[in-house]
Amino acid sequence: MPASTLIAISAGIVLLFGSIHLLYTLHGNKLHPRDPAVMAAMQQTHPVITRQTTVWRANHGFNITHSMGLMLFGLIYGYLALAQPALLWQSLFLLALGLVTLVTYVFVAKRYFFHIPFSGMVAATLLYAVALTIKLVSG
């Protein structure tokens with residue numbers, strides 16, 4: 001399988017996880033606390049930094065922007081791998097940035113999330129690393 005295809009698949013995994021996260025943030029209760037009292041407290045409590053928002057609204061915004069970051073990574077690296085592979089493979093900066101971003105997502109998912117996002121980020125990172133290895137070995 002060509003290295004660019006592996007990067008596109010990696011990017012697709014990240015895009016999928018970001019899209020699902022956005023869907024869960026905007027619809028339904030999958031990201032709500034199980035304890036209704038916690039939800040009520042989050043909706044009524046302000047963070048120390050400002051009274052212009054609540055902990056719940058800030059959490060909602062953080063989840064939305066987190067989703068957007070994942071989706072942006074997936075769209076950009078998917079585009080580069082499929083439509084501009086020469087640009088991607090000629091840029092050590094873009095290749096390193098992609099790898100560092102994915103490795104960071106793995107560590108964050110391991111530390112703060114649960115097994116499904118962790119497994120997805122590990123899979124995306126491994127595909128990306130295999131693509132880099134193939135390109136490195138093939139010259």
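This is a predicted model: local features need pLDDT of at least 70, side-chain atom pairs count only at pLDDT 80 or more; totals for chains, interfaces and linings use all residues.
**Entry: the overall layout**

I stepped back to see what else is in there. I found 6 helices and 0 strands. Reading from the N terminus, the order is α-α-α-α-α-α. I put a box around the C-alpha atoms along the principal axes, and it came to roughly 60 × 25 × 25 Å.

How much of the protein is buried? I got 33% of the 139 residues. Then I checked how far along the chain the contacts reach. Taking contacts between residues at least 6 apart in sequence, 64% join residues at least 24 apart.

**Entry: α1 on its own**

I went back to α1 for its length. It has 24 residues, and from first C-alpha to last it reaches 35 Å. That is close to the 34 Å expected at 1.5 Å a residue. After the helix comes G28, and I read a positive phi there, near 85°.

I picked out S4, which is found in α1. Is S4 buried or exposed? Its relative accessible area is 16%, and the cut-off for buried is under 20%, so S4 counts as buried. I looked for what touches S4, leaving out residues up to four places away in sequence, and found A81, P85 and W89.

**Entry: α1 against α6**

Next I looked at α1 (residues 3–26) with α6 (residues 115–138). Which way do the two run? The axes come within 8 Å and cross at roughly 165°. That makes α1 roughly antiparallel to α6. This crossing is left-handed.

I listed who meets whom. On the α1 side the contact has A3, L6, I7, I9, S10, I13, V14 and F17. On the α6 side I noted, among others, I116, P117, G120, M121, A124, L127, Y128 and K135. By class, the contact of α1 with α6 divides into 17 nonpolar, 2 polar and 1 charged.

**Entry: α6 on its own**

Which residues of α6 are buried? I wrote down P117, G120, M121, A124, T125, Y128 and A131. I then looked for what covers them, and the cover includes α1, α3, α4 (85–90) and α5 (92–112). Just after α6 I came to G139, which takes a positive phi of about 85°.

An α-helix has 3.6 residues a turn, so residues three or four places apart point the same way.

**Entry: α2 against α3**

I turned to α2 (residues 36–44) and α3 (residues 55–83). Their axes come within 5 Å and cross at roughly 95°. That makes α2 roughly perpendicular to α3. From α2 the contact takes M39, M42 and Q43, and from α3 it takes V55, W56 and N59. Sorted by class, I have 4 nonpolar, 2 polar and no charged residues.

**Entry: two residues from that contact**

I looked at M39 first, in α2. At 15% relative accessibility, M39 counts as buried. Not counting residues up to four places away in sequence, M39 touches H32, P33 and W56. I also took a distance: M39 and V106 are 67 residues apart along the chain, and their C-alpha atoms are separated by 28 Å.

Then V55, which lies in α3. Leaving out residues up to four places away in sequence, V55 touches M42, T45, H46 and P47.

Note on methods: Residues are numbered from 1 along each chain as its sequence is written. Side-chain values use heavy atoms; hydrogens and water are left out. Axes are lines fitted to C-alpha atoms, for helices over the stretch in contact, and angles run from 0 to 180 degrees between N-to-C directions. Helices (H or I, at least four residues) and strands (E, at least two) are DSSP runs, numbered from the N terminus. Angles under 35 degrees count as roughly parallel, over 145 as roughly antiparallel, 65 to 115 as roughly perpendicular and the rest as oblique. A crossing is left-handed if the near helix is turned anticlockwise from the far one by less than a right angle, and right-handed if clockwise. Contact means heavy atoms within 4.5 Å. Ala, Val, Leu, Ile, Met, Phe, Trp, Tyr, Cys and Pro count as nonpolar, Asp, Glu, Lys and Arg as charged, and the others, Gly among them, as polar. The expected span of a helix is 1.5 Å times one less than its number of residues. Buried means under 20% relative accessible area, exposed over 50%, partly exposed in between (1.4 Å probe, protein chains only).
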